[in-house]
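Here are my notes on this one, as numbered points. Have the viewer open while you read.

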Amino acid sequence: MEKLKLILILIFLLYSVQIIYTFLHILFFHNDNYRVSLRNTGAYAIYITILIPLWNHLKKEHICRWYLKPLITLYICIVVFSVLILKSRTALIALTLTYCLPYVTRFFTIQTYIKKVILFTALICIGFFISYYIFNLKVGSSFGRLLMIKIVLSNATEHFFWGVGLGNFTWYYPQWQSDFFRDTIIKDSGFFLNAGETYVLFNEILQLFVTLGVIPFVIFIILLNHYFTKIKKIDSDILNEIKKSFFMILICSLTYYTLHINAVLLVIVYMISLSDRMIMNHHGSRAGKRCSNYLKISIFSISLFTFFSIYPKYNAIKQWRSIKEASYSHIEGINIVDTNKVYTKLKNDGKFLADYANYLYEMQSDRGKAIELMEDSKKKFISKASIENLAYLYLEQGDYSKSIQYFEWLVGYIPSRFGYRLELIRLYEKVRNIEKAKEIADFTLNMPVKIESSEVFSIKHEISEIRQRLGSVR
């Protein structure tokens, strides 16, 4: 156990340096383009929050020496600052439930009826206040997350038993959102205005269910329950703190893409390894240790196989990036021979096909090839950029029906964007579908505006002129 304490202290020191550096970087160099790295404020707040129980264990074990106390104090200050100032609702919910839930459970031990009524009323009021505060902390984001859950639940029954398949959620969801706004009359402006470009659901549990389906998901829950049952049987402070960390990760996963953050996955691996070692030491069973060793060997073998399977693809992607950089910097034109080699290795990768097509479109190269690649990529990968480029490419080629098809998809995917609606009105006017053009123009001129800008004003002015012109057409 002494070795374990020393390892925890060493990890804490390294971890403190990391969070202080990242904290300063967020303060002075914050960029909204960071997505799942720790420089994303949401990911950062979750990361520092889920490790609170382990550092709490250090204090309980009385091994917090004088040189660690300032670091722990600074750590707590940074956590509080991140959760409140950076407005991390997910971390706030996790902290509140983890450390307040034990007090709530005391409600069931109270015998006096009056005390029960008073406590129950207080809990309801506090719960309502916290829920109201968290929802209104970022109202737009809250509506956006509720919308995603609503859309996923409305489509979950189609893939109830076996799910959409691993890695396929990012292909299905954009289509679901586009269909939702094209097929449904939305009266709630909160949903309408906050539908954005997204490929992950801010609820890992629901996304896992939709991905796996009910049968694999239930098996996963049974295995997870078995693991925590084994931990529960052992009386250990550090295992109790590990359970709290896992509980925090579970709560965070309900309102954020927590399991898409590599640093969080690393923490999960570390905690599983630590708890596995303690369980083996506690039971001291040769059979259990042998089983554990077999499991480790299997995981290592699968990881090794996965690495060697994926490495050629990784190398090809790296080569493709080098080809693009050389082309953009005007060192040389695109290397056809090397590009063909990369294409041979990545021709089944939808993301690469879309990127290659977008590159051809940006460089004003082979338009026919760009369309062919984008149409092929759409079977495996869908993004706003690729669909938008397809819409404009077909418009340039004079294929108005195809262009209308893709602009309608974009209008459904991000309904609050005025630019896509303007293009659609122009197209319907060109193909002489006057009634449809009028319908879209009337709706667009009366729909709510998310952010007022000169661009929106200019688009609405042009749509108004088109509508007046269409009014005289019979």
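**Notes on the model**

1. Let's start with a salt bridge: the side chains of Arg 467 and Asp 442 meet at 2.7 Å, N to O. The term stands for a side-chain nitrogen of Lys or Arg within 4 Å of a carboxyl oxygen of Asp or Glu. Arg 467 sits in helix H22 (residues 454–471) and Asp 442 in helix H21 (residues 434–446), so the pair ties together parts that are 25 residues apart in sequence. Arg 467 is partly exposed at 22% relative accessible area, and Asp 442 is partly exposed too, at 33%. Buried here means under 20% relative accessible area, exposed over 50%, and partly exposed in between (1.4 Å probe, protein chains only).

2. A word on provenance: this is a predicted model, where local features need pLDDT of at least 70, side-chain atom pairs count only at pLDDT 80 or more, and totals for chains, interfaces and linings use all residues. Residues are numbered from 1 along each chain as its sequence is written, and side-chain values use heavy atoms, with hydrogens and water left out.

3. Next, Arg 367 and Glu 396, whose side chains form a salt bridge at 3.0 Å, N to O. With Arg 367 in helix H17 (residues 367–377) and Glu 396 in helix H18 (residues 384–397), this pair ties together parts that are 29 residues apart in sequence. Glu 396 is partly exposed, at 48% relative accessibility.

4. Have a look at helix H12 (residues 237–253) as well: Lys 244 and Glu 241 both lie there, three residues apart, about one turn of the helix. Their side chains meet in a salt bridge at 4.0 Å, N to O. Glu 241 is buried at 1% relative accessibility, while Lys 244 is partly exposed at 28%. The whole structure has 13 salt bridges.

5. How many helices and strands are in the chain? There are 22 helices and zero strands; these are DSSP runs numbered from the N terminus, helices being H or I of at least four residues and strands E of at least two. Of the 474 residues, 41% are buried.

6. Finally, the surface. Phe 300, Leu 304, Phe 307, Phe 308, Ile 310, Tyr 311 and Tyr 314 form a nonpolar patch with about 780 Å² of accessible area together. Patches take residues with over 30% relative accessible area and no salt bridge, joining like charges within 9 Å and nonpolar side chains (Val, Leu, Ile, Met, Phe, Trp, Tyr) within 5 Å. Areas come from the Shrake-Rupley method with a 1.4 Å probe; for residues, only the protein chains shown count as cover. Phe 307 belongs to helix H14 (residues 286–328) and is partly exposed at 46%.
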